[in-house]
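Subject: Handing over the structure, with notes

Dear colleague,

Here is the structure I promised to pass on to you. Please open it beside this message, and follow the notes below with the chain in view.

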Amino acid sequence: MTGAKRQIGRVGIDVVDRAQALAMIGASACSETALMVAFCNAHTVNMADANPAFAASLADALILNDGIGVELGSRILYGERFPDNLNGTDLTPAVLDHASCPLRIFLLGSPEGVAEQAAAVLRRATPATRSSARSTASSPRVRRTHWSRGSGHRAPTCYWSAWAIPGRRCSPRAIGAGSRA
């Protein structure tokens, strides 16, 4: 997506800093161009290595590095760090705070019900943001179908893909922290 990528396993992670990521997401939203943003941590790399279809589903995404696992992978494979740690917990509120136009966000992934809870938190915290969600769906066809077949909604400006680490409970409250609530 940015040109500069670091391949870790089957995942090509975009090499961008926080300001660049925010600018890319904001430009996409304001130009009405859909953008899938994926946060890649060590679990994402392992899932992609075990499931080529999952890896392929990330091909058109802005893939952001998330955590020490991919940071260590970058240091070992490329001899350098990523510019910033771009985890979803910190970046999502920043996207909401820095948006210069209304966002339409589709949350994708995580255990059943978590994405839907997070979408509800987003709607309460940022009324100008339209959000919808689907847990455990990774197919681009599912994403397009949800927004196009009689839903009455315009396509999202951002797809946010979040895959929880097994055994960890994700809290949708984290999305509302630091936003314009």
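The partner of S2 is strand S1 (residues 5–8), and the two pair in the antiparallel sense over 4 bridges. Within this pairing, lysine 5 stands opposite aspartate 14 of S2. The hairpin that S1 and S2 form has 2 residues between the strands, and glycine 9 takes a positive phi there, near 65°.

Stepping back to the chain as a whole, you will find 8 helices and 7 strands. Of the 181 residues in the protein chain, 49% are buried. Among the contacts with a separation of 6 or more, 72% are made by residues 24 or more positions apart. The accessible surface comes to about 8,900 Å², and carbon and sulfur atoms account for 53% of it.

Next, please look at strand S3 (residues 35–40), which pairs with S4 in the parallel sense over 4 bridges. S3 is mostly covered, since 6 of its 6 residues are buried. Leu35, Val37 and Phe39 lie on one side of S3 and Met36, Ala38 and Cys40 on the other, and both faces are covered. Where the two strands run side by side, cysteine 40 stands opposite asparagine 65 in S4. Cysteine 40 has a relative accessible area of 0%, and it therefore counts as buried.

Which residues have the most contacts inside the largest nonpolar core? They are Ile25, Val37, Leu64, Leu91, Leu103 and Leu107, and the core they belong to has 24 residues. Helix H1, strands S3 and S4, helix H5, strand S5 and helix H6 (114–125) each supply at least two residues of this core. There is also a second, separate core of 16 residues, which includes Val11, Met36, Phe54 and Ala61.

The structure also holds 1 disulfide. The link joins cysteine 30 to cysteine 101, with an S to S distance of 2.2 Å. It connects distant parts of the chain, as cysteine 30 is in helix H1 (residues 18–30) and cysteine 101 is in the loop between helix H5 (88–98) and strand S5 (104–109), 71 residues apart. A disulfide is a covalent bond between the sulfur atoms of two cysteines. The angle about the S-S bond is -110°, and the link of cysteine 30 and cysteine 101 is left-handed. Is cysteine 30 buried or partly exposed? Its relative accessible area is 36%, so cysteine 30 is partly exposed, because that value falls between the cut-offs of 20% for buried and 50% for exposed.

Alanine 94 lies in helix H5, and with a relative accessibility of 4% alanine 94 counts as buried. Leaving aside residues up to four places away in sequence, alanine 94 touches Arg18 and Leu22. The C-alpha atoms of alanine 94 and alanine 19 are separated by 9.9 Å, although these residues are 75 residues apart along the chain. Glutamate 71 has its place in helix H4 (residues 68–78), and its relative accessibility of 7% means that glutamate 71 counts as buried too. With residues up to four places away in sequence again not counted, glutamate 71 touches Asn65, Arg81 and Phe82. From glutamate 71 to isoleucine 8 is 63 residues in sequence, and their C-alpha atoms are 10.0 Å apart in space.

Finally, some care is needed over confidence. The protein chain averages a pLDDT of 75, and 66% of the residues score at least 70. Over residues 137–151 the pLDDT stays under 50, and the model has 25 contacts beyond four places in sequence for this stretch. The pLDDT is also below 50 over residues 163–181, a stretch with 46 contacts in the model beyond near neighbours in sequence. Where pLDDT is low, the predicted coordinates should not be read in detail.

With best wishes

Conventions:
Residues are numbered from 1 along each chain as its sequence is written. This is a predicted model: local features need pLDDT of at least 70, side-chain atom pairs count only at pLDDT 80 or more; totals for chains, interfaces and linings use all residues. Side-chain values use heavy atoms; hydrogens and water are left out. Buried means under 20% relative accessible area, exposed over 50%, partly exposed in between (1.4 Å probe, protein chains only). Contact means heavy atoms within 4.5 Å. Accessible areas come from the Shrake-Rupley method with a 1.4 Å probe; for residues, only the protein chains shown count as cover. A disulfide is a pair of cysteine sulfur atoms within 2.5 Å. Two strands pair if DSSP finds at least two bridges between them. pLDDT is the predictor's confidence in each residue, from 0 to 100. A nonpolar core is a set of buried Ala, Val, Leu, Ile, Met, Phe, Trp, Tyr and Cys residues joined through side-chain atoms within 4.5 Å.
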